[in-house]
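Colleague: I am new to reading structures. Could you take me through this one, feature by feature?

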Amino acid sequence: MDDSPSVPESFDDPRITPQFYRRLSGPDGDLVLVGVVHDHPASIARVERVLERIEPETVALELPAIAVPLYRVYARDRADDAASPRFGGEMSAAIRAAPEADPVGIDAPNWSFLRLLVRRLVADRVSAGTARRVLASVGGATREALACRVAATLTHATSMTVVPGTKAEYDCDRDDPPERQADHERAHVAGVQALLGGVDTDGTALSYRDDTREQCMIDRLEDLRAESGDVVAVVGVDHLERLATDLSS
C-alpha cells in the first residue's frame, strides 16, 4: 500500500471524507475501511478512487463468500465500455478497480456466523418467537446468497447476464459532478439515520442478526489483515463506526 497520509483530504475528492473512510495501521498490514451506500454513484466513485490510489493484497467485500463469483462476472462485463460495471454497484466496481487483489466475501451467511448466532441465542435464553424471527431472517439471506451463486453459474454457462434482486435508484447519477454526488449521498444517509434513530431494536431479531454479522466481519478482517497484508474493505456505511472502533482496539 502506498505511503500517502491516512486523512481523506489527501484524495482531494468531496466523496472521500471521514464519514466514509478509515485507515487503520497494524504490524501485519494496513486496513482501509470504505463506507458505502448501496448502488449510490458517490459510493461507486469513492471505491474506484480509493483503489486507484491503493493497491491492496485483498479486497474484502460485504458479500457472502458464495456470492463473490457473480460479482466477479459483473466486474468483467464491459458491454457498454463504461468505466464502472453495469451491475453489482460498488462491489463489482471494487473488483474491477483492483484486478490484482483477491476479492473475499466477509458477510453472512456462513458457518462461523451461524455458530456464533446460535450460541448467543442459547446463552441469552431468548424467547421462541424471537429465535424463530432471527432464523427466518437468516433463511432469507441464505436464499439470496444461493440465488447469486445460481446466477453466476447461469451467466458463465449462457450468453445471458443474470441479475438477482433490484438496483437502488437515486435522484443522482454517475455523470453528476462529484460535489453534487457527495451532497446527495450525505443527505440520503442523514435521512435514513434520522428515520431509524428513534427505533429501539435492542433485543430484537434484527439486533441479534446484525450484531452477529458485524462481529463475524470484524473477526474475518482481523484474520485477513494478519494473513494477507494490506486490505481494503468495502462495507455499508452503517457498519463503519463499529468496525473501525473494534479493529482499532
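Modeller: Start with the rings. Ring pairs link Tyr 71, Tyr 74 and Phe 87 into a cluster. Rings of Phe, Tyr and Trp (its six-membered ring) pair if their centres lie within 6.5 Å; planes under 30 degrees apart count as stacked, over 60 as edge-to-face, and the rest as tilted. Remember that this is a predicted model: local features need pLDDT of at least 70, side-chain atom pairs count only at pLDDT 80 or more, and totals for chains, interfaces and linings use all residues. Residues are numbered from 1 along each chain as its sequence is written, and side-chain values use heavy atoms, with hydrogens and water left out.

Colleague: How many aromatic pairs does the structure hold?

Modeller: Three. Phe 11 is in the segment before strand E1, Tyr 21 is in strand E1, and the two are ten residues apart. Strands (E, at least two residues) and helices (H or I, at least four) are DSSP runs, numbered from the N terminus. Phe 11 and Tyr 21 are both buried. Buried means under 20% relative accessible area, exposed over 50%, and partly exposed in between (1.4 Å probe, protein chains only).

Colleague: Why is the pair of Tyr 74 and Phe 87 called tilted?

Modeller: Their planes stand at 55° and their ring centres are 5.7 Å apart, so the pair is tilted. Tyr 74 lies in helix H2 and Phe 87 in the loop between H2 and H3, so the pair ties together parts that are 13 residues apart in sequence. Tyr 74 is buried at 3% relative accessible area. Phe 87 is partly exposed at 23%.

Colleague: What sits over the ring of Phe 20?

Modeller: The charged end of Arg 46, 4.0 Å from the ring centre. The test is that NZ of Lys or CZ of Arg is within 6 Å of the ring centre and within 35 degrees of the ring normal. Arg 53 lies over the face of Phe 11, at 4.4 Å from the ring centre.

Colleague: Now the strands. Which strand does E1 pair with in the antiparallel sense?

Modeller: E2, over four bridges. Two strands pair if DSSP finds at least two bridges between them. Tyr 21 has Val 34 as its bridge partner in E2. Six residues lie between the strands in this hairpin, and Gly 29 takes a positive phi near 155°. E2 also runs parallel to E5, joined by six bridges. There, Val 34 partners Val 234.

Colleague: Which way do the residues of E2 point?

Modeller: In a regular strand, side chains alternate between the two faces of the sheet. In E2, Leu 31, Leu 33 and Gly 35 point one way, while Val 32, Val 34 and Val 36 point the other way. Six of the six residues of E2 are buried, so this strand is largely enclosed by the rest of the structure.

Colleague: What about E4?

Modeller: Five of its six residues are buried, so E4 is largely enclosed too. E3 and E4 run parallel, joined by five bridges. Val 59 has Pro 103 as its partner in E4.

Colleague: Which residues of the largest nonpolar core touch the most other members?

Modeller: Val 50, Leu 61 and Tyr 71, in a core of 26 residues. Such a core is a set of buried Ala, Val, Leu, Ile, Met, Phe, Trp, Tyr and Cys residues joined through side-chain atoms within 4.5 Å. E2, H1, E3, H2, H3 and E5 each give two or more residues to this core. H2 gives the most, with five. A second, separate core has 17 residues, including Leu 24 and Leu 243.

Colleague: What is Leu 61 in contact with?

Modeller: Contact means heavy atoms within 4.5 Å. Leaving aside neighbours within four places in sequence, the contacts of Leu 61 include Met 91, Ile 95, Val 104 and Val 234.

Colleague: How many residues of H3 are buried?

Modeller: Eight of the nine, so H3 is largely enclosed by the rest of the structure. Among them are Glu 90 and Arg 96. The buried residues of H3 pack against E2, H1, E3, H2, E4 and E5.

Colleague: One last residue. Is Asp 13 buried or exposed?

Modeller: At 11% relative accessibility, Asp 13 counts as buried. Its side chain makes a polar contact with the side chain of Arg 15, at 2.8 Å. A polar contact is a pair of N or O atoms within 3.5 Å; within protein, one must be able to donate a hydrogen and the other to accept it, and residues adjacent in sequence count only if both atoms are side-chain atoms. Asp 13 also touches Arg 49 and Pro 178, not counting residues up to four places away in sequence.
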